[in-house]
Amino acid sequence: MTIHVAIILPFLMAFIISIINKKFTKIHIGWLALTVPIIVFIILARLIPIIASGNPYTHTYQWIPSLDINFTTYLDGLSMIFGLLISGIGSLVVLYSIFYLSSKESLQHFYCYLLLFMGAMLGVVFSDNLMVLYAFWELTSVSSFLLISFWHHRKASRAGAQKSMLITVTGGVSMLVGFIMLHMMTDSYSVHEIIHQIEHISEHELFIPAMILILLGAFTKSAQFPFHIWLPDAMEAPTPVSAYLHSATMVKAGIYLVARLSPIFGGEMLWFWIVTTVGLITLFWGSFNAVKQTDLKALLAFSTVSQLGLIMSLVGMGSVAYALDFEADTVIYTQATFAALFHLINHSTFKGALFMMVGIVDHEVGTRDIRRLGGLMSIMPLTFTVAVIGSLSMAGMPPFNGFLSKELFFAAVLHIKDLNLFSISSVGILFPVIAWIASVFTFIYCMIIIFKAFLGRPLIQKVERPVHEAPFPLLVAPFILCIMVISLFFFPNTLGKYILKPAMVSIYPNLAPAQKLTPEIHAWHGINTEILMTIAVILIGTILYRLLGKWMGIYRFYPPNWSLNALYVNVISGSESLSNKVTNSYMTGLLRHYAFYIYSFFIFSVGVFFFYSGAFSFSTENNASIEWYEWILIGVMLLAAISILFVKSRITAVILNGVLGFGVTFFFVLFRAPDLALTQLVVESVTTVLFLLCFYYLPEWSTEKLSISTKISNSIISITVGALVVVISLAVLNFDKFERISKYFEDAYNLAGGANIVNTILGDFRGFDTMLEVVVLFIAGLGVYTLIKFKAKKGGTDFED
Amino acid sequence: MTEKILILSLVLFSITIIVALFRIIRGPSMPDRVVALDMIGVTLLSMIAIVSILLKTKAFLEVILILGILSFIGTIAFSKYLERGKIIERKSDS
């Protein structure tokens, strides 16, 4: 119940803010928005002891019970971490944004979107029902889209928003398909019920497709390789948004999903390999690309990509533990997951602080370009402090929390390389090597932040205004985060006991007593391989940073049009022009072509169906004999019909058409249908007169100049259609499976009081059709009248199209 | 015997229609074609009469009457079109 309130509260406040904004012009609307994350944070923080004692907190609201879709919240250790991050960092970001955004911006939109996002994100992490989770998942995509394009007058913002929307929603939809597959296998949408059925579904044929599709959703959201390309472009958003969405919360939704579903899919070899390798590639590629960035926010974006890859690979390595029976050694592998969760929290703290720091620099100096920055240390000492703490923590230096999680990461990759499972041993050595190389690059770009932006030569470019230290309120939020960074280094085990332990229990529900799952974190753990690797990172990193100018050339090895971004652009514009071409190739605007498609479709669907089903069967035994004069009349009609195609003047065509009409009348007579013959005659005459009426207004008959091939294809189509219709009607003639109902109508005099069967059918038995046909005539008459009477005045607007 | 004569006459009428159709297709002038169409109408009228004798029914007598009227109207319409270029004239035109 409380959790439902926590999810609904941001939505409610978003609604209130959008309503009352006009009335509160004096107070910054952000203060109102600030209350929400603080309240949510307090609600969650009060539940920590209950969760830590191992009692998940669940509540269900019925939504669509008939479809098994219920608004079920489930609060356990894993959700708690994310809930605290979302509300905690959310409060700090709102506080920061109050001073960051000027009141000239459309603030009610900003806070409305931000609160929408917050509520959606809380919904994602607290939902137990997969469908509800998906709904909130898409809501985060939409609100993120709105936030990225907050300055929608800028082209880059719109482009970035579109890109992130396309990529994350594509992943989201594939995830939905994966969820539905899970539902098909287990007949349940509840994550926890599905976890109980693991043994039954792991052999199911949909298991692997569901896994891959869900991973696709998680990877696109969490900016994993090769879907990371939207994240750097999303940096067009206001900095508080970047700090909140694109470092601390939304991009971790994918990691949340992977961790949440690990009990289901973990233990599968494919899961381990996909998650771990994609994570490691992302880790390396992000850190490698971050070094070459010149925009601080882009640098931070790539570093986020890289760190997310780190967390993802750790979650993947942790999934090995499911495949092993529990023994003392298993704990070693679960520690990878522990490291992932620990680094998840650490990353949110220092990356949030770094983004806010960049925002302050941007705010005060007016640029974020590294090439134009420099020597800010003496001007902005407090901001510099934030930058140093954040960067060193990101680089994994003591005494900051990044050091601890990096040591755990190295420990995890070193353990995994020795594992004899999933054929890891053959390539096991690659794990620590890639991890180590990526760490070196991480170290280099952290140094770039510190040295290029804050130390070194003073500002060379003239800046618009005198640069000075940021106002104190702007610094409150990053400082709180920095305090977190340091205190997490000194007291990691408090966090481990109350927050991480229950999360580990919820990731490994069937495994091991909880004490063994949570290792003690030691800042100093003796001289071992991990610490040596860290020292090597510092040494090699320093040397490489010193020689940065010498080897920057390697980034020019691959041409820019080979990048993933170029691929994305090419695919988007390519598919656009391709579909344009395809559409233009068949939507020619010529009616002749459309008729061609319709008839060929008719030929292929009906003809082929008749052919394959063997419906063509003819017999002539029931046919009546044909008289002499009938042959002659048929010959006349054939001659007239064929001559119509070749005549040169319209009026001849109309006269021949009249001949056809007379012929039809005569056949009606022969087949004893006097009413039809009468009507046919009248209609024939009226149409002939109408044709003649129109001719006065028509230009001279000019036959279209058609090429020979068109003529041939036209005649082939028309001959085939004609033949097909003839064959079908002949086949239908022999269809004699049911008794005819016409016997019933023969008794028309007794039933309806009329001797004329046709007329009694029209007016009595089936009078409804007649009524509607009268309506048709009425509408046609009205249509003709309006067409003639109400034509657009000369010079008036053309109403067509 | 009567029946055979009737069918023979139907065949002869059909041949008449073929001849008329030849005139319609070949032309050469438009009035030729209109007259031929009128002729086809009248021939059909006779054929329908014979057919109703053959079929021993009175149901087609209305058809004969209507055909007579309509082939007349049709011929008039064609003639007027050929002469004036239009069939129904507005008041201001006259």
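# A tour of pockets, cavities and contacts

Select helix 2 (30-52), helix 3 (77-100), helix 16 (330-365), helix 20 (472-490) and helix 21 (492-507) of chain A: each of these gives at least two residues to the lining of the second largest pocket. The model you are looking at is predicted.

**Stop 1: the second largest pocket**

Which helix gives the most to the lining? Helix 3 of chain A does, with seven residues. Colour the lining of the second largest pocket by class and you will find 18 nonpolar residues, five polar ones and no charged ones. The volume of the second largest pocket is about 540 Å³.

Now colour chain A by domain. The assignment gives domain 1 (1-198), domain 2 (266-546), domain 3 (554-587), domain 4 (588-739) and domain 5 (740-790). Domain 1 and domain 2 of chain A each put at least three residues into the lining of the second largest pocket.

**Stop 2: across to domain 4**

Move the view from domain 1 to domain 4 of chain A; their C-alpha centres lie 65 Å apart. Select A:Ile634, A:Leu638, A:Ile642, A:Leu645 and A:Val726, the residues nearest the centre of the largest pocket. Its lining counts 42 residues. To show where they come from, select helix 26 (591-613), helix 27 (628-646), helix 28 (650-670) and helix 30 (708-733) of chain A, then helix 1 (2-26) and helix 2 (30-55) of chain B; these are the elements that give two or more residues to the lining of the largest pocket. Helix 27 of chain A has the largest share, nine residues. The volume of the largest pocket is about 2100 Å³. How does its lining divide by class? There are 26 nonpolar, eight polar and eight charged residues in the lining of the largest pocket.

**Stop 3: where chain B meets chain A**

Colour the two chains separately. Their contact takes 38 residues from chain B and 39 residues from chain A. About 3300 Å² is buried between the chains, with carbon and sulfur atoms giving 89% of that area. On the chain B side, select B:Leu21, B:Phe78 and B:Tyr81: these lose the most area to chain A, together 16% of what that side buries. How many salt bridges are counted between chain B and chain A? The count is zero.

**Stop 4: the cavities**

The count comes to three cavities of 30 Å³ or more. For the largest cavity, select A:Phe662, B:Leu37, B:Leu70, B:Ser71 and B:Gly74, which are the closest to its centre among the 15 residues that line it. The elements giving two or more residues to the lining of the largest cavity are helix 28 and helix 29 (674-695) of chain A with helix 2 and helix 3 (61-84) of chain B. About 150 Å³ of space lies in the largest cavity. Its lining has six nonpolar, seven polar and two charged residues.

Next, select A:Gln307, A:Leu310, A:Met394, A:Lys406 and A:Thr442. These lie nearest the centre of the second largest cavity, which is lined by 14 residues. The volume of the second largest cavity is about 70 Å³. Helix 14 (296-318), helix 17 (381-395), helix 18 (401-417) and helix 19 (430-454) of chain A each supply at least two residues of its lining. The largest share, four residues, is from helix 19 of chain A. The lining of the second largest cavity divides into six nonpolar, seven polar and one charged.

**Stop 5**

Over all chains the structure holds six salt bridges. To see one of them, select A:Asp295 and A:Arg368, whose closest N and O atoms are 3.0 Å apart. A:Asp295 is in the loop between helix 13 (269-290) and helix 14 of chain A, and A:Arg368 is in the loop between helix 16 and helix 17 of chain A, so this pair ties together parts 73 residues apart in sequence.

Then go to A:Pro226, in the loop between helix 9 (207-221) and helix 10 (230-233) of chain A. The peptide bond from A:Phe225 to A:Pro226 is cis, with omega near 0 degrees.

Finish at A:Arg672, in the loop between helix 28 and helix 29 of chain A. Phi of A:Arg672 is near 55 degrees, a positive value in a residue other than glycine.

Definitions and conventions: Residues are numbered from 1 along each chain as its sequence is written. Chains are lettered from A and ligands numbered from 1 in the order in which they are written. This is a predicted model: local features need pLDDT of at least 70, side-chain atom pairs count only at pLDDT 80 or more; totals for chains, interfaces and linings use all residues. Side-chain values use heavy atoms; hydrogens and water are left out. On a 1 Å grid over the protein atoms alone, a cavity is a set of points where a 1.4 Å probe fits but cannot get out, and a pocket is an open set with protein on both sides within 12 Å along at least five of seven lines; lining residues have an atom within 4 Å of a point. Grid points are joined across faces, edges and corners, and a volume is the space filled by probe spheres set on the points. Ala, Val, Leu, Ile, Met, Phe, Trp, Tyr, Cys and Pro count as nonpolar, Asp, Glu, Lys and Arg as charged, and the others, Gly among them, as polar. Domain bounds come from an automatic or database domain assignment. Contact means heavy atoms within 4.5 Å. Buried area is the accessible area (1.4 Å probe) that two parts lose on being put together, summed over both. A salt bridge is a side-chain nitrogen of Lys or Arg within 4 Å of a carboxyl oxygen of Asp or Glu.
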